[in-house]
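Please keep the sequence and the structure in view while reading.

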Amino acid sequence: MSKAGIISIVLTVIAAIIGYFGVMALAPGYIMGRAWDGVTERAGAPNMMIHMPLPSAARRGIVRLSPDLIYSICTFDLSKGDLAITVPAIDNHYWSLTMFDDQTNAFFVESDRDTKGQPISLTLSNKGTGGEGRIVASPSQKGIALVRILMNNRGEYDALDPLRRSADCKIVG
């Protein structure tokens with residue numbers, strides 16, 4: 001193989017490695033930014049819980065939503081202060097709260113199994129201190145809190161919807 005051929009192969013491999021790591025470094029922030037902007041636009045502002053309609057093939061803002069789950073979402077921006085998050089206990093159903101940082105990493109997950117059927121009430125802070133009660137430290141200033149409730153069947157939606165609408169997020173201080 002000629003010297004020019006070897007140089008070409010080496011440069012191609014270097015470009016591929018740089019491209020791969022560049023995409024891996026930038027993609028999570030880009031993906032979360034798009035999701036955060038879309039949900040915040042729908043809510044009208046960050047730090048507000050929105051309660052999504054039932055997923056369907058025609059209506060899915062986030063890829064692969066489960067038709068068996070109902071969702072409530074809060075985009076958070078802790079530059080405005082700490083955030084109080086509450087999620088009601090819903091008897092005889094699996095439900096969870098998952099929080100994602102600005103790079104799509106799940107940094108907090110708790111479900112009815114963890115709380116033994118009790119509601120969740122906490123303060124989210126990127127300082128790791130402050131607020132009252134239970135404090136959860138966020139690794140980033142912005143992110144998404146996602147509440148999911150598993151329906152045993154789609155006929156339960158009307159009974160579960162008022163309960164999940166009591167889930168809330170709001171700035172405290």
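The points below go from confidence and layout to the disulfide, the cores, the strand pairing and a few single residues.

1. Basis of the note. This is a predicted model, in which local features need pLDDT of at least 70 and side-chain atom pairs count only at pLDDT 80 or more, while totals for chains, interfaces and linings use all residues. Residues are numbered from 1 along each chain as its sequence is written, and side-chain values use heavy atoms, with hydrogens and water left out.

2. Confidence. The average pLDDT of the chain (the predictor's confidence in each residue, from 0 to 100) is 84, and 87% of the residues score at least 70. Confidence is lowest in helix α1 (residues 3–43), with a mean of 74, and highest in strand β4 (residues 95–100), at 96. Where pLDDT is low, the predicted coordinates should not be read in detail.

3. Layout. The chain has three helices and nine strands. These are DSSP runs numbered from the N terminus: helices are H or I of at least four residues, and strands are E of at least two. Read from the N terminus, the order is α-β-β-β-β-β-α-β-β-β-α-β. Of the 173 residues, 37% are buried; buried means under 20% relative accessible area, exposed over 50%, and partly exposed in between, with a 1.4 Å probe and protein chains only. Contact means heavy atoms within 4.5 Å, and among contacts in the chain with a separation of 6 or more, 70% are between residues 24 or more positions apart.

4. Disulfide. How many disulfides does a search of the whole structure find? It finds one, where a disulfide is a pair of cysteine sulfur atoms within 2.5 Å. The partners are cysteine 74 and cysteine 169, with sulfur atoms 2.0 Å apart. The pair links distant parts of the chain, cysteine 74 being in strand β2 (residues 69–77) and cysteine 169 in strand β9 (residues 168–171), 95 residues apart. The torsion about the S-S bond is about 95 degrees, so the disulfide is right-handed. Cysteine 74 counts as buried at 0% relative accessibility, and cysteine 169 counts as buried at 2%.

5. Cores. A nonpolar core is a set of buried Ala, Val, Leu, Ile, Met, Phe, Trp, Tyr and Cys residues joined through side-chain atoms within 4.5 Å. The largest has 26 residues, and those with the most contacts inside it are Leu83, Ile85, Leu97, Met99, Leu122 and Leu124. Two or more residues each come from β2, β3 (83–87), β4, β6 (120–125), β8 (142–150) and α3 (157–164). A second, separate core of ten residues includes Val39, Ala43, Ile50 and Leu69.

6. Four-stranded sheet. An open sheet of four strands runs in the order β7-β6-β3-β9, with mixed pairing; two strands pair if DSSP finds at least two bridges between them. β7 (135–137) and β9 stand at the edges with a single partner strand each, so one side of each has no neighbour in the sheet. Strands β3 and β9 run antiparallel and are joined by four bridges.

7. Other pairings. β2 and β8 are antiparallel and joined by nine bridges; here aspartate 77 stands opposite lysine 142 in β8. β4 and β8 also pair in the antiparallel sense, over six bridges, and phenylalanine 100 stands opposite isoleucine 144 in β8.

8. Isoleucine 85 and leucine 124. The bridge partner of isoleucine 85 in β9 is cysteine 169. Beyond its neighbours within four places in sequence, isoleucine 85 has contacts that include Leu97, Met99, Leu122, Leu124 and Cys169. Leucine 124 lies in strand β6 and is buried, with a relative accessible area of 0%. Not counting residues up to four places away in sequence, leucine 124 touches residues including Phe76, Leu83, Ile85, Phe107 and Val136.

9. Positive phi. Asparagine 92, in the loop between β3 and β4, has a phi near 60 degrees, a positive value in a residue other than glycine. Asparagine 92 is exposed, with a relative accessible area of 74%. Threonine 104, in the loop between β4 and β5 (106–111), has a positive phi of about 75 degrees and is not a glycine either. Threonine 104 is partly exposed, at 34% relative accessible area.
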